[in-house]
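Dear colleague,

Please find the structure below for your records. My notes on what was found in it follow directly after.

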Amino acid sequence: MSASGNAMAMFGMRLADDQIKVLEENFTKVSKHPDETTLMLIAAECGLSEEETAKWFRMRNAQWRKAEGLPAELGSVKD
């Protein structure tokens, strides 16, 4: 299981390697913040609900932001 897959397991998301691969590819190549239509298509491709897919993107974004040295929440940078 990938590092992001292990992190997602901590949040109660048990995903198969092929699901993680699709999610990661979309995260890195398509959008870190997919719109509603894109999210629906990704969910269908992974066999997940839109809510599960949105949760994965929220958790993965927080993980990415932390790795980049940014606050975990979008828009939380303080002057």
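**Overall architecture**

From the N terminus on, the elements of the protein chain run α-α-α-α. The secondary structure thus comes to four helices and zero strands, where helices (H or I, at least four residues) and strands (E, at least two) are DSSP runs numbered from the N terminus. Please note that this is a predicted model, in which local features need pLDDT of at least 70 and side-chain atom pairs count only at pLDDT 80 or more, while totals for chains, interfaces and linings use all residues. Residues are numbered from 1 along each chain as its sequence is written, and side-chain values use heavy atoms, with hydrogens and water left out.

Of the 79 residues of the protein chain, 34% count as buried; buried means under 20% relative accessible area, exposed over 50%, and partly exposed in between (1.4 Å probe, protein chains only). Among contacts (heavy atoms within 4.5 Å) with a separation of 6 or more, 51% join residues 24 or more positions apart.

**Helix α2 against helix α3**

Helices α2 (residues 17-29) and α3 (36-46) pack at an angle of about 160°, with their axes 9 Å apart. Here axes are lines fitted to C-alpha atoms, for helices over the stretch in contact, and angles run from 0 to 180 degrees between N-to-C directions. The two helices are therefore roughly antiparallel to each other; angles under 35 degrees count as roughly parallel, over 145 as roughly antiparallel, 65 to 115 as roughly perpendicular and the rest as oblique. Gln 19, Val 22, Leu 23 and Asn 26 of α2 meet Ile 42, Glu 45 and Cys 46 of α3.

Gln 19 is buried, with a relative accessible area of 14%, and touches Cys 46, Gly 47 and Leu 48, not counting residues up to four places away in sequence. Glu 45, in helix α3, is exposed, with a relative accessible area of 56%. Leaving aside neighbours within four places in sequence, Glu 45 is in contact with Val 22 and Asn 26. The C-alpha atoms of Glu 45 and Gln 19 are separated by 8.3 Å, although these residues lie 26 residues apart along the chain.

**Helix α2 against helix α4**

Helix α2 also packs with helix α4 (residues 50-67), at an angle of about 60° and with the axes 11 Å apart. These helices are therefore oblique to each other, and their crossing is right-handed. From α2, the contact involves Leu 23, Glu 24, Asn 26 and Phe 27; from α4, Thr 53, Trp 56, Phe 57, Arg 60, Asn 61 and Trp 64.

**The nonpolar core**

A nonpolar core is a set of buried Ala, Val, Leu, Ile, Met, Phe, Trp, Tyr and Cys residues joined through side-chain atoms within 4.5 Å. The largest one has 13 residues, of which Leu 15, Leu 23, Ile 42, Cys 46, Leu 48, Trp 56 and Phe 57 touch the most other members. Helices α2, α3 and α4 each give two or more residues to this core, and the largest share, four residues, comes from α2. Leu 23 touches Leu 15, Ile 42, Cys 46, Leu 48, Thr 53, Trp 56 and Phe 57, not counting residues up to four places away in sequence.

Yours sincerely

Terms used. Left-handed = near helix turned anticlockwise from the far one by under 90°.
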